[in-house]
Amino acid sequence: MSLQGRSILRLARTSFARDVRTTTGILRLRGLATAPSETELKKTPLYDFHLKNEAKMVPFAGYSMPLLYGKVSQVTSHHHTRSSVSLFDVSHMVQSFFMGKTATGFLEWLTPTSLSVLDPFSTTLSVLLNEKGGIIDDLIIAKHNDEGYFVITNAGCRDKDLAWFKHKLDEWNSKPEGAAGPVSHKVLTDTALVALQGPQAASFLQKYVDTDLKDLTFGKAAYLNIDGARCHVMRGGYTGEDGFEIAIHPSNIEKTINLLTQSPVQLAGLGARDSLRLEAGMCLYGHDLNEDITPNVAMGYIKSGFHKKGTEVLVEVRKKLRKAVVSPMPFAPTNYYRG
């Protein structure tokens, strides 16, 4: 994998990738092997809200999702998130509760994460593993207590994840460990999930909650009243910036979303979300992770000897070689609030 003293890093092209042309170039979105017709696409609870705000809707993971809004480019949204605060609709993600006396043991059986040592209302990133240790999906786990967990999984993996959960739940509940306290699984429907991201996210949200957000540090969760609407809030996100992932009950969606889109908040779509997560070194399932990759694999592969920071390389992108420099992850420093 060398050429004129430089290495070629091949960026894998998978069946999950497709090109979307935008005003700023070509954005590669991953999550669909084929693009279903508009009539087949699912809609998030914010679909009509997106249309009212001039969103360019595209197929993604079986859903009609906003790519851009109006004349605001991906680059502009990206920089606004880094400098101010943006709101992303992530309601296509699958939100679930696992409940039961042996819920901790069950989830530790399915993932490599030691959930028993986590404090109540702590969150963690994890992966769902198959029998060979390959990654079925990556997920966010919020531990409420030893008997209750809020879990978020990817929309593009919805069918196989839910089938795997059902299969393993049946197996677990028939085992002696599970019989001591059966575990149940509930998938939330019509609940909105949004990500408020950026350095001004906390100061903006603080105006509408009666809890001091300084006490809600990165990796923590809580039920908060946002202007009277009870929401499940986790501090973190997919951009590398400070922020919050907020689950909103169907009865409170319209009121809460109108509140969360007041100035200086700007709506941002899939375009900015993808470039922001790349800068932050976040993996994307179907591209950086799959069932043939175990959890200790990084973002890319490069020949030994060319891996040192600052090494100039050639990167093959769509059969063309482009200059690049090996850089440590993440490419942009994270700004998580840790207290």
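Mentor: A cavity is a set of grid points where a 1.4 Å probe fits but cannot get out. Please keep in mind that this is a predicted model. The structure holds one cavity of 30 Å³ or more, and the space in the largest cavity comes to about 30 Å³. Its lining is formed by Met65, Pro66, Phe88, Asp89, Ala268, Gly269, Leu270 and Arg273. Strand E7 (63-69), strand E8 (86-89) and helix H8 (270-279) are the elements that each give two or more residues to this lining.

Five strands form an open sheet in the order E10-E11-E12-E9-E13, and their pairing is antiparallel. Strand E10 (122-129) and strand E13 (184-187) are the edge strands, each pairing on one side only. From one strand to the next, the twist averages 30°. Strand E9 (residues 94-99) runs antiparallel to E13, and four bridges join the two; phenylalanine 97 stands opposite lysine 186 in E13. Across E9, E10, strand E11 (135-145), strand E12 (148-153) and E13 lies helix H4 (residues 158-174), which runs at about 160° to E13.

Threonine 311 is placed in the loop between H8 and strand E19 (312-317). The side chain of threonine 311 reaches the backbone oxygen of lysine 308 at 2.7 Å. Leaving aside residues up to four places away in sequence, threonine 311 touches Phe306, Ala324, Val325 and Val326.

Notes:
Residues are numbered from 1 along each chain as its sequence is written. This is a predicted model: local features need pLDDT of at least 70, side-chain atom pairs count only at pLDDT 80 or more; totals for chains, interfaces and linings use all residues. Side-chain values use heavy atoms; hydrogens and water are left out. On a 1 Å grid over the protein atoms alone, a cavity is a set of points where a 1.4 Å probe fits but cannot get out, and a pocket is an open set with protein on both sides within 12 Å along at least five of seven lines; lining residues have an atom within 4 Å of a point. Grid points are joined across faces, edges and corners, and a volume is the space filled by probe spheres set on the points. A polar contact is a pair of N or O atoms within 3.5 Å; within protein, one must be able to donate a hydrogen and the other to accept it, and residues adjacent in sequence count only if both atoms are side-chain atoms. Contact means heavy atoms within 4.5 Å. Two strands pair if DSSP finds at least two bridges between them. Axes are lines fitted to C-alpha atoms, for helices over the stretch in contact, and angles run from 0 to 180 degrees between N-to-C directions.
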